[in-house]
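Please find below some numbered remarks on the structure under review.

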Amino acid sequence: MRTVNVSSLKNNPGEVLRFAREDMVLVMSCDKPDVLMVGVNQIDTLDIPGVRAALATALFNEGALSLACSARSAQMVLADFIAHVSRLGIPVISQTVVEVQQDMDTLDQWLTS
């Protein structure tokens, strides 16, 4: 296990993340243990049933990953991932009313041309 302090994490986060991929990293704050960082591949977290889908769903819901990237991360076919998030009440498309109306206007123009 490696130990770093908060200032090390702040000054060189890339190095601390590299450490966490190889071994557990304990972040100390004011000489007290504060955070334990563990790389997800280090403890085979993603191989636990349901973890990949849960992580991908959370990242999609927060807007951190696109729909396609989330499906890939969950190791699901896009249509299955869409069904999965829909069952959870997470909208697949998030558009304002104005954006939807603009899309409908564009579709109408395309259909009449």
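1. The term pLDDT denotes the predictor's confidence in each residue, on a scale from 0 to 100. The model is a predicted one, and the mean pLDDT of the protein is 90, with 100% of its residues reaching 70 or more. Confidence is lowest in helix α1 (residues 6-11), where the mean is 87, and highest in α5, where the mean is 96.

2. The protein contains six helices and three strands. Read from the N terminus, its elements follow the order β-α-α-β-β-α-α-α-α. The radius of gyration is 21 Å, well over the 13 Å that the globule rule gives for 113 residues, so the protein is more spread out than a compact globule. Along the principal axes, the C-alpha atoms fill a box of roughly 70 × 30 × 20 Å.

3. Of the 113 residues, 20% count as buried. The accessible surface of the protein comes to about 8,200 Å², and 58% of this belongs to carbon and sulfur atoms.

4. The largest nonpolar core has nine residues: A53, A56, F60, L67, A71, A74, F81, V85 and I90. Two or more residues of this core come from each of α3 (51-61), α4 (67-73) and α5 (78-87). With three residues, α3 gives the most to this core.

5. Neighbours within four places in sequence aside, L67 is in contact with F60, L78, F81, I82 and V92. A second, separate core comprises seven residues, among them V16, A20, V25 and V27.

6. As regards sequence separation, 19% of the contacts in the protein with a separation of 6 or more are between residues 24 or more positions apart.

Note on methods
Residues are numbered from 1 along each chain as its sequence is written. This is a predicted model: local features need pLDDT of at least 70, side-chain atom pairs count only at pLDDT 80 or more; totals for chains, interfaces and linings use all residues. Side-chain values use heavy atoms; hydrogens and water are left out. A nonpolar core is a set of buried Ala, Val, Leu, Ile, Met, Phe, Trp, Tyr and Cys residues joined through side-chain atoms within 4.5 Å. Buried means under 20% relative accessible area, exposed over 50%, partly exposed in between (1.4 Å probe, protein chains only). Helices (H or I, at least four residues) and strands (E, at least two) are DSSP runs, numbered from the N terminus. Contact means heavy atoms within 4.5 Å. The radius of gyration is taken over C-alpha atoms; the globule rule is 2.2 Å times the number of residues to the power 0.38. Accessible areas come from the Shrake-Rupley method with a 1.4 Å probe; for residues, only the protein chains shown count as cover.
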